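Here is a short report on helix packing and domain contacts. Please look at the model first.

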Amino acid sequence: MRLYYRLGVAAEKPPLVTRTDLYDGLVVNAHVGAWGQGWVSILLQQLGKPFIVDPYTYVFSHATDSTLRPDGDLRKSFEELRPSLPPILRRSLDEKRRIIPSDLRDTDGGYTTALPDVVETVLRLERELLKGPTLDQTSLEGYLALLEGPKRRSKVSPEYLIPPYFYIDNLDDPWLDVTLRCADIATRTASQAEKVMVKLAMSVDCLRDRDLAPMLTDRLHDADAIALWISGFDETEVATGTIDTMASLIEALADAGLDVHNHHGGYLSILMSRNGLSAVCSGPGYGESREVTQVTSGGGYRKRWYYPTLHQPIDEPTFRQFFSDHPEELACDCDSCRGAHETAAALSSEGTPEFVENFIEAMTRDDLTAHHMQCRKREVLEVTNRTVPELVGQLDEMHSLAEKLHFERYEIPYAFLDRWARFLEGYQ
Ligand SMILES: [Zn+2]
């Protein structure tokens, strides 16, 4: 199981730079890459990690909220992306309207020549967007990074190319065929050395459709990988039946020889490595599920501490209430928490509400992210090395503890622990 992080704002950079041992690769959305082209391409050169440019084309078939600012102007990131886009997508930005499948079809129902053009332009964008800073983008920081040695400059091509993709509501949605047709064109036109990852952005209804798995394995046999994005698939809320369906889909795709990634997942996805899921991606320190309708923005930063045995983050106000009542639960031996623990211990007695207060005060944004990344890495190792009864036992134990400590009084959800445990048992 490989761990990817989605690159958002520059403020998230430090732990990704200092803790390269904790993850395997990065996903950069095209508009984020276009906006931060200078620092992102330098970062990728410094890291030498595999990366994927997500073309994010689904936004053009969706409401315009993601591409426009509240005042109706184009968001800066899409303004930067605009010149690299195929004409039909550029027009959709200019006219502030979403594209519809018939924009790509002839009067007789076939696809227009615009479609191969869209695919070709989008793949070119992914290949070239983060190749490296151009002369006028090369800041002093850039020069210094480039001078650090040739090994740091080696990886500038994306690990996978993602053909244009659009959001699919149900299996009769015309965007499904457009997405698969784009995948066909990409697998035919990509070079031998390039790997094609088909991204499927779809509803939970699609996931539940029994025809999905056979249709995908039939139509995607030339692709190398598939990235799933089930809109709003919140691992803590989905019902057991839906979890089973997700696992069966992953098994079918992996059996067909595809490398299967989940682009928005957490611990449940890590558990699904046992079903053949090979990689999971999330934001660094947050953002495990995402709705397609969610507006793209930097968003405000909230302090959250990932509760290791619950496999979920706890927001700061809840953190203070809960751990002040149960300070013995505030246990993590990662180096970020150890530092904050020492600071808090110097100021207050362990096991007191003051200690809990000092602990969370001492955790910086980078500490909280590095803690989350260390937990995630540990989860991968545990799921790989432990038996199913051991993993089920851990989930059940935490579920009992949550009942005993009345998590519901703090509005901390925990019912999912039982659903995850039962799912895992079913796959022994
Ligand atoms: Zn920690």
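Which residues in α14 meet which residues in α15? Ala340, His341, Thr343, Ala344 and Leu347 in α14 meet Phe355, Asn358, Phe359 and Ala362 in α15. Two residues are in contact here if their C-beta atoms, placed from the backbone, lie within 7 Å. By class, this contact of α14 with α15 has six nonpolar, three polar and no charged residues. Ala, Val, Leu, Ile, Met, Phe, Trp, Tyr, Cys and Pro count as nonpolar; Asp, Glu, Lys and Arg as charged; the others, Gly among them, as polar.

The model is predicted: local features need pLDDT of at least 70, side-chain atom pairs count only at pLDDT 80 or more, and totals for chains, interfaces and linings use all residues. Residues are numbered from 1 along each chain as its sequence is written.

**Helix pairs**

Helices (H or I, at least four residues) are DSSP runs, numbered from the N terminus. Axes are lines fitted to C-alpha atoms over the stretch in contact, and angles run from 0 to 180 degrees between N-to-C directions.

| Pair | Residues | Angle | Axes |
|---|---|---|---|
| α14 and α15 | 335-347 and 353-362 | about 140° | 8 Å apart |
| α11 and α18 | 240-255 and 415-426 | roughly 45° | within 10 Å |

The angle of α11 to α18 is roughly 45°. That makes α11 oblique to α18. α14 and α15 are therefore oblique to each other as well. Angles under 35 degrees count as roughly parallel, over 145 as roughly antiparallel, 65 to 115 as roughly perpendicular and the rest as oblique.

α14 passes α15 in a right-handed crossing. The crossing of α11 and α18 is right-handed too. Right-handed means that the near helix is turned clockwise from the far one by less than a right angle.

α11 contributes Thr240, Ile243 and Asp244 to its contact, and α18 contributes Arg419, Arg422, Phe423 and Gly426. By class, that gives two nonpolar, two polar and three charged residues.

**Pro327**

Pro327 lies in the loop between α13 (316-325) and α14. Not counting residues up to four places away in sequence, Pro327 touches Gly351, Thr352, Phe355 and Val356.

**Domains**

The automatic or database assignment gives domain 1 (2-282) and domain 2 (305-426). Their centres, taken over C-alpha atoms, are separated by 31 Å. In the contact, 18 residues of domain 1 meet 20 residues of domain 2. On the domain 1 side, α1 (13-18), α11 and α12 (267-271) each give two or more residues. The largest share, four residues, comes from α12.
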